[in-house]
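Here's a quick briefing to read with the model open beside you. Take the topics in any order you like.

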Amino acid sequence: MTHPDLGPLHLLTSAPAPGTVHITVVGDLEYDTVEDLLLEVSDALAHHPGLRHLHLNLAELGMCDSMGLSALLQTRRFTGGVGARLHLDHRPPALDRLLDLTGTLDHLLALPSAADRTPGGRTDALDVPD
């Protein structure tokens, strides 16, 4: 169910099993909120070495603008850099439409490859701009 005004972005992170982290995204993913998501993802990668699966639960995602899409692509770079798979769970129809129009869905959900990995499994996740 999409709410007309979800307000600021709220993120809830859990680690239900070793190697797996879930981040529930509630609200709009746009210019003013993308840094929050990127910092949450960065923290998840830093605090869960050996991460294999990062699930973003997007059931309560409001709007996703071009900056939101950019943050999802950056999240894919972060997870691919450590060899983890990104999952976009419970995508709302508006997000699916955006991903379809931009041709980015297959890339976002692709399995990480050796080319994605950075030396030592480190990502530039900690280099999120202020």
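Let's start with helix α2, where Gly 68, Leu 69, Ala 71, Leu 72, Leu 73, Gln 74, Thr 75, Arg 76, Phe 78, Thr 79, Gly 80 and Gly 81 are buried. That makes twelve of the 16 residues, so α2 is mostly covered. Keep in mind that this is a predicted model.

**The chain as a whole**

- The chain holds four helices and four strands.
- Of the chain's 130 residues, 38% count as buried.
- Take the contacts between residues at least 6 apart in sequence: 72% of them join residues at least 24 apart.

**The sheet**

- The four strands make an open sheet, ordered β1-β2-β3-β4, with mixed pairing.
- At the edges you'll find β1 (10–17) and β4 (85–89), each with a single partner strand, so one side of each has no neighbour in the sheet.
- On average, neighbouring strands here are turned by 20° against each other, ignoring direction.
- Strands β2 (residues 20–29) and β3 (residues 53–64) run parallel and are joined by eight bridges.
- If you want one of the bridge pairs to look at, pick His 22, whose partner in β3 is His 55.

**How the two helices sit on the sheet**

- Helix α1 (residues 34–47) packs on the sheet and touches β1, β2 and β3. The direction of α1 makes about 175° with that of β2.
- Helix α2 (residues 66–81) also packs on the sheet, touching β2, β3 and β4. For α2, the angle is about 180° with the direction of β3.

- The buried residues of α1 are Val 34, Leu 37, Leu 38, Val 41, Ser 42, Ala 44 and Leu 45.
- Those residues are on the same side of α1, because they cover an arc of only 160° around the axis.
- What do the buried residues of α1 pack against? They pack against β1, β2, β3 and α2.
- Leaving out residues up to four places away in sequence, Glu 40 touches Leu 11, Thr 13 and Ile 23.
- Glu 40 and Leu 11 are 29 residues apart along the chain, and their C-alpha atoms are separated by 7.8 Å.

**Back to helix α2**

- From its first C-alpha to its last, the 16-residue α2 reaches 22 Å, close to the 22 Å expected at 1.5 Å a residue.
- What covers the buried residues of α2? The cover includes β2, α1, β3, β4, α3 and α4 (105–109).
- Arg 76, an arginine in α2, is worth a click: Arg 76 is buried, with a relative accessible area of 4%.
- Which residues does Arg 76 touch, not counting those up to four places away in sequence? The list is Leu 86, His 107, Leu 108, Ala 110, Leu 111, Pro 112 and Asp 116.

- His 90 sits in the loop between β4 and α3 (93–102).
- His 90 has a positive phi of about 55° although it is not a glycine.
- Is His 90 buried or exposed? His 90 counts as exposed, at 57% relative accessibility.
- Side chains of opposite charge can pair when their charged atoms come close.
- How many salt bridges does a search of the whole structure find? The search finds one.
- The side chains that meet in a salt bridge are those of Asp 96 and Arg 91, at 2.5 Å from N to O.
- Asp 96 counts as partly exposed at 28% relative accessibility, and Arg 91 is partly exposed as well, with a relative accessible area of 27%.

Note on methods:
Residues numbered from 1 in each chain as written. Predicted model: local features only at pLDDT ≥ 70, side-chain atom pairs only at ≥ 80, totals over all residues. Heavy atoms only, no water. Salt bridge = Lys/Arg side-chain N within 4 Å of Asp/Glu carboxyl O. Buried < 20%, exposed > 50% of the residue type's maximum accessible area, 1.4 Å probe, protein only. Pairing = 2+ DSSP bridges. Axes fitted to C-alpha atoms, helices over the stretch in contact; angles between N-to-C directions. Contact = heavy atoms within 4.5 Å. Arc of directions from axis to C-beta. Expected span 1.5 Å × (residues − 1).
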